[in-house]
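Let's take a walk through this structure together. Keep the sequence and the 3D view side by side as you read.

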Amino acid sequence: MPAPIRVDAQVASLSQEGTASWRLWLRVPAWPGFEPGQFVMLSPGPRGAAPRSDPLLPRPMAVYRERRANGESEIEILFKRHGRGTALLAACAPGDRVGVVGPLGRGFGQTSERALLVAGGTGIASVYELAARQEGRAPGTARVLLGARTGADLMGVSDFEALGVALEIATEDGSLGRRGLVTDLLEAELARDASAHVYACGPTAMMRRCAEIAASRGAPCSASLENPMACGFGVCLGCAAPLRAGGFALVCRDGPVFDAAAIAWEGMP
Amino acid sequence: MSDAEDVDLRVELAGIPLRNPVLTASGTFGYGTEFAPFLDLRRLGGFVAKSLTLEPRRGNPPPRIAEAPSGMLNAISLENVGVDAFVREKLPALPEGVVVVASLFETEIDRYAEVAKRLSGVARVSGLELNASCPHVKSGGIEFGQNPAVLATLVRAVRRATTLPLLVKLSPNVTDIGEMARVCEAEGADGLSLINSVQALEIDVERRRPVLSNGLGGLSGPAIRPIALRMVWQARRAVKLPICGMGGIASAEDAVKFLLCGATAVQVGTQNYLDPAAAAGVVDGIRAYCARHGFSRVVDLVGALDMRRP
């Protein structure tokens with residue numbers, strides 16, 4: 001896994017997608033690359049004599065994908081504007097400074113022969129690169145299930161379509177794809193064929209349901225958790241996730257990707 | 001204006017010689033090695049490791065943290081690897097030349113003394129910081145640092161258990177910080193660290209419950225900085241002991257304010273989460289401040305606040 005860096009990145013571009021989703025490209029000097037499922041801590045605003053204090057904490061964001069542009073490394077972040085931290089990011093302009101610490105955490109690791117990717121809400125940002133690399137290595141072995149409340153909330157659909165992976169969508173209001181939950185799609189998939197490894201990222205309730213469905217079919221399931229954290233590198237101890245075996249794991253250091261069967265889901269925040 | 005390179009940043013804190021007055025605060029800097037990718041630890045005056053107990057501790061269930069205006073609350077409950085694993089595994093992993101202050105914490109006085117004893121013969125430990133903000137089981141859960149008599153008994157016991165330089169980290173959750181400072185001085189402490197986090201409550205209004213699983217937590221970050229400055233200034237007037245000042249330091253200018261109030265050194269805390277190289281930036285900034293204002297030695301800033309002129 002690449003060693004993390006702490007660096008001043010620059011906003012290369014920022015654009016809105018749908019109603020509340022944003023795409024942010026950051027120019028990151030000396031970016032060491034990343035593994036699917038890894039994340040960065042983002043802190044917009046200047047350093048120096050008067051650093052931003054409110055909101056205080058940086059925000060963890062999955063690395064969506066990376067590219068080289070004009071000889072420089074760039075990473076893309078997909079996010080929704082739903083609080084004060086993401087509002088700061090959404091207010092950035094090209095050229096603005098954003099503090100980056102990352103890449104952090106342990107990602108999905110080597111994927112299985114057959115991969116079933118299930119994502120909801122902003123969790124979609126965590127699984128795109130996984131789908132891209134699986135499709136590149138072994139075309140036709142990844143299936144992607146995406147869910148959202150309504151079609152306009154879905155992020156990145158065109159990117160998944162461009163990969164050529166098998167893609168199914170569920171929305172709660174039926175405005176795009178099938179009406180229902182993404183976990184309904186997972187149930188149907190595993191009923192048909194339970195030999196795939198499930199990779200899940202999204203709201204806790206969604207991931208917990210994925211873990212239950214996978215366990216009932218005997219399919220292995222990895223889940224990428226999104227607990228709040230202050231640092232991202234194992235120091236604040238804020239992102240503790242309860243383990244079925246007792247005790248806690250740190251989402252930032254031991255995860256964010258865990259064997260879903262190891263998590264005591266009823267104790268998740 | 002003097003040359004920044006020529007500024008003498010060396011200080012001595014409670015008998016511990018430091019290359020500069022900037023340390024990092026216990027609980028915000030892990031065991032040091034977590035920061036190795038981001039900064040050379042030898043650039044710092046030193047660091048205070050996460051508080052150690054006799055046995056390893058697991059900590060509270062989530063949620064353990066909550067954001068607050070210009071700050072954050074935490075209730076981790078001092079999760080740590082225990083004193084023996086610290087000595088055996090964490091200390092040897094640090095590069096030579098890093099000044100390590102070990103923080104200790106317990107729920108009973110004899111256990112505090114035992115942790116201090118176990119740290120005392122250890123070559124890499126330069127000093128101890130006694131975390132007195134823990135609820136005392138035998139005093140019905142009140143913090144050791146909130147009752148002068150209990151604090152006196154604690155400092156006396158730990159003082160007897162070690163010859164290492166001993167800093168006592170004071171709780172801000174008291175009426176008279178000067179009284180607590182005097183107790184520490186009388187019982188033989190070598191210095192004071194202040195302030196610890198401020199007891200606080202944040203509420204999830206939709207669910208009508210506290211945000212943290214523990215209910216109450218400790219507020220840290222820039223929100224508490226003016227309170228910390230006031231308490232350092234009051235403690236400075238109460239005792240002669242050297243003071244390590246902390247509370248919401250985010251920049252070199254913030255650190256200088258603590259030095260002006262009479263702190264010999266400072267600790268950077270919550271800011272380490274936002275920027276893992278923050279403390280090194282504070283060192284550089286203090287050097288630049290001294291050069292800009294014609295101070296050839298950082299010690300000349302200590303206590304240089306003129307309270308008569310607003």
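Before we start, here's a handy rule: a residue counts as buried if 20 or more other C-beta atoms lie within 10 Å of its own, as exposed if there are 12 or fewer, and as partly exposed in between. Also bear in mind that what you're looking at is a predicted model.

B:S77 has 16 other C-beta atoms within 10 Å, so it is partly exposed. Its backbone is worth a look too: phi is near 70°, a positive value in a residue other than glycine.

Now hop to B:A14, in the loop between β1 (11-13) and β2 (16-18) of chain B. Here phi is also positive, near 55°, and again the residue is not a glycine.

Next up, cis peptide bonds. One of them links B:P62 to B:P63, with omega about -5°, and B:P63 belongs to the loop between β4 (46-48) and β5 of chain B. Over in chain A, A:G102 and A:P103 are joined by a cis peptide bond with omega about 0°. You'll find A:P103 in strand β7 (residues 97-104) of chain A.

Finally, see where the chains meet. Chain A and chain B each put 33 residues into the contact. On the chain B side, β5 (65-68), β6 (71-74) and α7 (271-274) each supply at least two residues. Sorted by class, that side has 16 nonpolar, 10 polar and 7 charged residues.

Conventions
Residues are numbered from 1 along each chain as its sequence is written. Chains are lettered from A and ligands numbered from 1 in the order in which they are written. This is a predicted model: local features need pLDDT of at least 70, side-chain atom pairs count only at pLDDT 80 or more; totals for chains, interfaces and linings use all residues. Two residues are in contact if their C-beta atoms, placed from the backbone, lie within 7 Å. Helices (H or I, at least four residues) and strands (E, at least two) are DSSP runs, numbered from the N terminus. Ala, Val, Leu, Ile, Met, Phe, Trp, Tyr, Cys and Pro count as nonpolar, Asp, Glu, Lys and Arg as charged, and the others, Gly among them, as polar.
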